[in-house]
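Please open the structure in your viewer and keep the selection tool at hand.

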Amino acid sequence: MRIDLHTHSVVSDGTDTPTRLVLKAMEVGLDVIALTDHDTFDGIPEAIEAGKRIGVKVMCGIEMSTQLDGHSVHLLGYGCDPFHRPLVQELAKIRVARTGRLKAFAERMTELDMPLGVDDIIAAAGASPSIGRPHVADALVAKGYVGHRDEAFDKWLREDKPGYVPRYACELSAAIDLIHDAKGIAILAHPWGRGNEAVLTAEVIERLTTEKGLDGIEVNHPDHDERARELLFALGGRLGLIRTGSSDYHGLGKRNNPLGGENTRDTAYREMLRRIRLRGGIV
């Protein structure tokens with residue numbers, strides 16, 4: 001089987017509708033995908049329905065914005081009840097924080113001699129309920145200040161760059177609890193990508209596993225080099241964690257993340273389903 005468990009649609013910061021995403025999954029020969037839009041389940045019903053028509057299994061997923069010691073960490077949830085009230089309320093709080101910093105982003109970029117308005121960012125986001133830095137990047141592209149999203153992030157929008165504006169995110173340990181309470185399983189997204197190896201150390205991952213019941217880690221990811229993949233695979237095996245491989249596909253939003261470019265092993269996928277069933281989640 002070919003399985004890609006980390007994809008995004010236009011409902012957050014991807015460029016494909018949920019239906020088009022599923023069609024593309026079929027075209028590249030994927031059997032299973034998970035739609036993991038940022039901090040929203042809004043695209044899941046459309047994606048699941050498209051999957052039933054087209055013959056691609058679509059897992060209910062999400063990518064939560066969390067933080068650990070002030071550093072951004074992304075957490076993937078699979079099989080969650082999308083109507084679980086505490087989780088829904090926390091996701092709404094995160095999305096409000098995303099929208100609340102648009103004015104600060106516009107002011108910051110204007111100070112950096114790239115005049116930008118809140119309306120420009122909102123226009124770039126379209127109908128997405130989860131507006132974030134990728135849409136700021138798209139607005140910069142539309143204005144002609146940069147050529148593409150990657151350039152916008154590399155020069156201006158990453159955490160260590162001059163255009164970055166911090167925001168609220170859920171505490172990582174609390175986010176794991178929320179996903180578990182919503183009957184899902186929790187897997188760290190690209191844990192050693194973008195310099196996060198110093199934040200999500202092997203010791204921290206072990207503690208999250210023993211104390212919070214972390215279910216897995218994303219091992220094969222475009223942001224991980226071979227060293228990171230080998231070490232994370234060994235660490236996950238030692239801790240009994242599910243080890244996934246995913247593209248983090250965003251359509252045109254990430255040029256180096258082709259759909260199906262990374263694969264999750266059948267054994268890992270079956271273990272995910274087993275754990276979700278044990279919790280009473282959605283499979």
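Leaving aside its neighbours within four places in sequence, which residues is Leu200 in contact with? Select Leu200 and display its surroundings: the partners are Leu68, Val73, Leu172, Leu188, Pro191, Trp192, Ile205 and Leu208. Contact here means heavy atoms within 4.5 Å.

Before continuing, note that this is a predicted model, in which local features need pLDDT of at least 70 and side-chain atom pairs count only at pLDDT 80 or more, while totals for chains, interfaces and linings use all residues. Residues are numbered from 1 along each chain as its sequence is written, and side-chain values use heavy atoms, with hydrogens and water left out.

Buried means under 20% relative accessible area, exposed means over 50%, and partly exposed lies in between (1.4 Å probe, protein chains only).

**The whole chain**

Now zoom out and switch to a cartoon view. The protein chain has 11 helices and eight strands; helices (H or I, at least four residues) and strands (E, at least two) are DSSP runs, numbered from the N terminus. The radius of gyration is 18 Å, close to the 19 Å that the globule rule gives for 283 residues, so the chain is as compact as a globular protein of that length. That radius is taken over C-alpha atoms, and the rule is 2.2 Å times the number of residues to the power 0.38. Along the principal axes, the C-alpha atoms fill a box of roughly 50 × 45 × 40 Å. Of the 283 residues, 54% are buried. Among contacts between residues at least 6 apart in sequence, 72% join residues at least 24 apart.

**Helix H6**

Select residues 133-143, which form helix H6. Its buried residues are Arg133, Pro134, His135, Val136, Ala137, Ala139 and Leu140. Just after H6, Gly144 takes a positive phi of about 85 degrees.

**Two further residues with positive phi**

Select Asp113, in the loop between H4 and H5. Although it is not a glycine, Asp113 has a positive phi of about 65 degrees. Is Asp113 buried or exposed? With a relative accessible area of 67%, Asp113 is exposed.

Lys183 is not a glycine either, and has a positive phi of about 75 degrees. At 40% relative accessibility, Lys183 counts as partly exposed.

**Salt bridges**

Side chains of opposite charge can pair when their charged atoms come close. A salt bridge is a side-chain nitrogen of Lys or Arg within 4 Å of a carboxyl oxygen of Asp or Glu, and the structure holds 18 of them.

Begin with Asp154 and Arg158, whose side chains meet in a salt bridge of 3.2 Å, N to O. Asp154 is partly exposed at 43% relative accessibility, and Arg158 is partly exposed at 27%.

Select Glu197 and Arg227 next; in this salt bridge the closest N and O atoms are 3.0 Å apart. The pair links distant parts of the chain, 30 residues apart: Glu197 lies in the loop between strand S6 (185-188) and helix H9 (202-212), and Arg227 in helix H10 (residues 226-239).

Then select Arg229 and Glu262, which form a salt bridge of 2.7 Å, N to O. Arg229 belongs to helix H10, whereas Glu262, 33 residues away, lies in the loop between strand S8 (242-245) and helix H11 (266-279). Both Arg229 and Glu262 are buried.

**Last stop: Asn257**

Finally, select Asn257, in the loop between S8 and H11. Asn257 counts as buried, at 7% relative accessibility. A polar atom of its side chain lies 2.9 Å from the backbone oxygen of Ser247. Not counting residues up to four places away in sequence, Asn257 touches Pro222, Ser247, Asp248 and Tyr249.

Terms used: Polar contact = N/O pair within 3.5 Å; in protein donor to acceptor, adjacent residues only side chain to side chain.
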